[in-house]
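Welcome, and thank you for taking a look at this protein. Please have the sequence and the model open side by side as we walk through a few of its parts.

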Amino acid sequence: MQQGKTTIGRIPWEISYLLSLVIKASHDRNVYLDNTTIRKVNESQMIQHKQTLKNISFILLFILLIIGLSNSSHAASNIFLTEEEQAYIAKKGVIKAVSLDGVAPIQYSDKNKEVQGISKRVLQEISAITGLTFEYTLYGSLREVFESNAEIAFGIPNNYAPPDMILSKPYLRSETILYINAAQDPNNLDNKIYAAVRGSALPKGIKEENSIYFETREQSLDAVEAGRADYGYGNAYSVAFYTLQNGYKNLITIPKGKEARAYCIGFFHEDEILISIINKALSAIGENQLQNLVLDVAAQVERKITFSMVINRYGKEITFIIIAVLSILLFAITSNIKANKTLRMNNRRYEVLSEISNEYLFEYFTKTNHLQLSESFIQQMGTQENLNEANKILKNMLANTTADRQYFEIKLPLGNGEVGIFKVIHLSVNDDDGNLVSIIGKVVNISNEAAKREELANKALLDGLTGLYNAITTKELIQTAICSRQGKQRMDAFILIDLDYFKDINDTHGHLAGDNVLLQLGKVLKQSFRTTDIIGRIGGDEFCIYMPNIPSLDFVKTRCQKVSTLINKEIEDIPVTISVGITLVDQDMGYEEIFKSADEVLYQAKRDGRNQIVAWEER
């Protein structure tokens, strides 16, 4: 077999220019282009000009159709591959191929994120001819392309490639197209803003300070269309593709016979066999077959539907609908203003009455889980964080209510940093079918009442002098703790503490000093024992502690020794000692039996000289 003749696929610049004229004529209403200038025309000239271009477009499409039909019968030329190259292909796995996205139709991602374009089709032709397999990936910037771990980069113009990159034979050439914003003069672009693609060299004569860089060609075209840049240069294929697809209205395109671009396959590594195979395949594809491929890809342009397109097509209808809707809305708003004003006045009256009586109104809509609170209640919360917490608590309570009428109390954070207690009274509102619509009610601040209630309750539970549990409460709590441990594998401890020579303290120093000793001992007990322990004053100078779930007897004795040490530090002018009796509760024992055991070892401590700690298990 003979190696095919090397050919470079190319659409003549004259056809590219005609394409640009057809594209421009479909959008531009008051200008047209020849090869050198932009002229203003009157309405009759414009109609004639557009008709002429329309005829040109039909002729151009007809010529391209004939070219495509005449070339469709030409198969790719056969290529000669050496035995070494054939063995290379047989062993070669998938070749990772990368390129820059947004350069349609040369290469781009379609709406399904699939890689498309002329370059991919060329690689597919190479694959069909040689048997090589390619995996395609597109990146958003040239930096990502050149920093990838791929083997080849496809669709790379010769002026974009790094100096050390090896390039294949070109498979596509394109003339340079100048695209400018319609407000700019193409003959006076000095000091205008140039839309450049990052990674490419600036054209000759364009200054760096007058350039804005974009990642893709489409972004640069969008910028010129929007006026963020004044002009740019691009290949004829991409400019035509994006103009058709995006429906640019402010772009003017002018062919420029300079800086022709040759698109190649770049090799990241010097693989001579792979380079040879791909160059042979490119030569074998042939110009006619490549032009068919280019036309097929270019024909797949899908125009984007933009807001301006919709307005241009249905502007009158949309305007009529908007006016009609606004009229209806205006009528509805006007009709409701009076009713809403009356309703607001009534609501305000209720709010004022509620504020006077320290009450706050609310309404909870069950279907939407929306809680509407009165302004005075929002102010009472102080911060947004407190308000969010109050919302959460109220919604949770109201969402779980079942009765038509219900009363409950809740605690809510207040703006002054305290926690308030509120009484909530609410009523369900149902529709005609009995379905729940909302829950309305009021929140009443009863913090003062609750504080007084709690104070009275505490007085009934606590010892008035030390603030510890009184004898009755201590016994009840210990009995409850004993019952709760039945059947559980845990060890508890019961402790009795008695002040030594307390009568002598009263007689020598007075009852006020004695009361102070009791008060200080109560504080020391709170410091020495755990918050889970039950601590109470059960007699004049006798105290009781119940410690659930202890690890050992030594743990209990350590706590008692701490009490003995601390009480002497708290009262320096009066020598104070304590006697302690301990019994472990590790079986089913009643309160009386436990108390009796601890009491016996307490008196043993007193008999043995006082200021001692004696345990029933160590007696």
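How many bridges join strand 19 to strand 21? There are 6, and the two strands run antiparallel. Before we go on, please keep in mind that this is a predicted model, where local features need pLDDT of at least 70, side-chain atom pairs count only at pLDDT 80 or more, and totals for chains, interfaces and linings use all residues. Residues are numbered from 1 along each chain as its sequence is written, and side-chain values use heavy atoms, with hydrogens and water left out.

Here is the overall picture. The protein has 18 helices and 23 strands; helices (H or I, at least four residues) and strands (E, at least two) are DSSP runs, numbered from the N terminus. Of its 619 residues, 43% are buried, where buried means under 20% relative accessible area, exposed over 50% and partly exposed in between, with a 1.4 Å probe and protein chains only. Among contacts between residues at least 6 apart in sequence, 69% join residues at least 24 apart; a contact means heavy atoms within 4.5 Å.

Neither is a glycine, but phi is positive in both: about 65 degrees for Arg610 and near 50 degrees for Asn611. Arg610 counts as partly exposed because its relative accessibility is 27%, and Asn611 is partly exposed at 44%.

Next comes helix 15 (residues 502-509), whose buried residues are Phe502, Ile505 and Asn506. Seen down the helix axis, these fall within an arc of 95 degrees, so they line one face; the arc is that of the directions from the axis to the C-beta atoms. They pack against strand 19 (492-499) and helix 16 (511-528). The face turned away carries the exposed residues Lys503, Asp507 and Thr508. After helix 15 comes Gly510, with a positive phi near 100 degrees.

Finally, look at helix 3 (residues 83-91) and helix 8 (residues 272-285). Their axes come within 10 Å and cross at roughly 100 degrees. The two helices are therefore roughly perpendicular, a label for angles of 65 to 115 degrees, while under 35 is roughly parallel, over 145 roughly antiparallel and the rest oblique. Among the residues that meet here are Tyr88 and Ile89 in helix 3 and Leu274 and Lys280 in helix 8.

How values were computed
Axes fitted to C-alpha atoms, helices over the stretch in contact; angles between N-to-C directions. Pairing = 2+ DSSP bridges.
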